[in-house]
Amino acid sequence: MKIYDISMEIHENMTVYKNKEEKRPKHTITVDSGDVRESRISMDMHTGAHIDAPLHMIRGGDTVENIDLNKVITKCKVFDFTNISDKITSEDLASKDIQKGDFIIFKTRNSFREDFDFEFVYLDKSGAQFLKEKGVIGVGIDALGIERNQPEHETHKILLGAGIVILEGLRLKDVEEGEYFLYAAPLKIRGAEASPTRAVLIKEE
């Protein structure tokens, strides 16, 4: 069995969405006396690898503590789209083996950049609609957002509105296309629209 850690390391100088300073995590030592150390972290819910719940883009939508863990602790399929320079569309997905109940993860050129790329590869609304019609349970991507340049946030709304989990902020540089077991449980934060997760892929050898 091989475990792939596909999470970003959380620290104050990490890559955050659009390099916004207010999104950078703050790690503060609160107790440092003798052998005892305690600390506190303050960070955006969308920091690093994280799960989006429906409330993120749907007013009155469900919150992260109610996500079915069967959707984030599950078999998954990683698809290699490192040849794509802009966006993943329904046409790109049509050639892939995508079945009802699948959790799909996209590996793109995003995994090979440590800085924030304002032109990151994303899933467009046609791709989101394709996955909704296929009946997938979750979608992951190696970008801090699953979409960009879509003013109405159609990709988020199509997926979240269909109860499809969104997993963002992955690092897949060392992961090959194939089938894996995903563990990406969110923190059980009441009323939150998202939560960081320690996402890992497991490959049976």
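**Salt bridges, sheet and overall form of the chain**

R113 forms a salt bridge with D115, and the closest N and O atoms of this pair are 2.7 Å apart. The structure is a predicted model, and every value reported here is computed. Side chains of opposite charge can pair when their charged atoms come close. R113 also takes part in a salt bridge with D117, in which the N to O distance is 3.4 Å. These contacts belong to a network of salt bridges that links R109, R113, D115 and D117. D117, by contrast, counts as buried, because its relative accessibility of 12% falls under the 20% cut-off.

A search of the whole structure finds twelve salt bridges. One of them joins E177 to K96, with 3.4 Å between the closest N and O atoms. E177 is placed in the loop between β10 (165-168) and β11 (178-183), whereas K96 belongs to the loop between α1 (90-93) and β7 (103-107); the pair therefore ties together parts of the chain that are 81 residues apart in sequence. E177 is partly exposed, with a relative accessibility of 42%.

The loop between α1 and β7 also contains G101. This glycine is partly exposed, at a relative accessible area of 37%. When residues up to four places away in sequence are not counted, G101 touches G135, V136 and I137. G101 and I88 are separated by 13 residues in sequence, and their C-alpha atoms lie 20 Å apart in space.

With regard to secondary structure, the chain has three helices and 13 strands. The radius of gyration is 17 Å, close to the 17 Å that the globule rule gives for 205 residues, so the chain is as compact as a globular protein of that length. Along the principal axes, the C-alpha trace spans about 60 × 45 × 35 Å.

Nine strands form an open sheet with mixed pairing, in the order β1-β13-β11-β5-β7-β9-β10-β4-β12. From one strand to the next, the twist averages 25°. Within the sheet, β11 and β13 (residues 200-203) run antiparallel and are joined by three bridges. Y183 stands opposite V200 of β13. Helix α3 (residues 154-161) packs on the sheet, where it touches β4 (50-52), β9 (138-141) and β10. The direction of α3 makes about 135° with that of β10.

Contacts and surface were examined for the chain as a whole. Among contacts between residues at least 6 apart in sequence, 73% join residues at least 24 apart. Of the 205 residues, 48% count as buried. The chain exposes about 10800 Å², and carbon and sulfur atoms supply 46% of this area.

Definitions and conventions:
Residues numbered from 1 in each chain as written. Predicted model: local features only at pLDDT ≥ 70, side-chain atom pairs only at ≥ 80, totals over all residues. Heavy atoms only, no water. Salt bridge = Lys/Arg side-chain N within 4 Å of Asp/Glu carboxyl O. Helix = DSSP H or I, 4+ residues; strand = E, 2+ residues; numbered from the N terminus. Buried < 20%, exposed > 50% of the residue type's maximum accessible area, 1.4 Å probe, protein only. Pairing = 2+ DSSP bridges. Axes fitted to C-alpha atoms, helices over the stretch in contact; angles between N-to-C directions. Contact = heavy atoms within 4.5 Å. Rg over C-alpha atoms; globule rule 2.2 N^0.38 Å. Areas by Shrake-Rupley, 256 points an atom, 1.4 Å probe, with all protein chains shown as cover.
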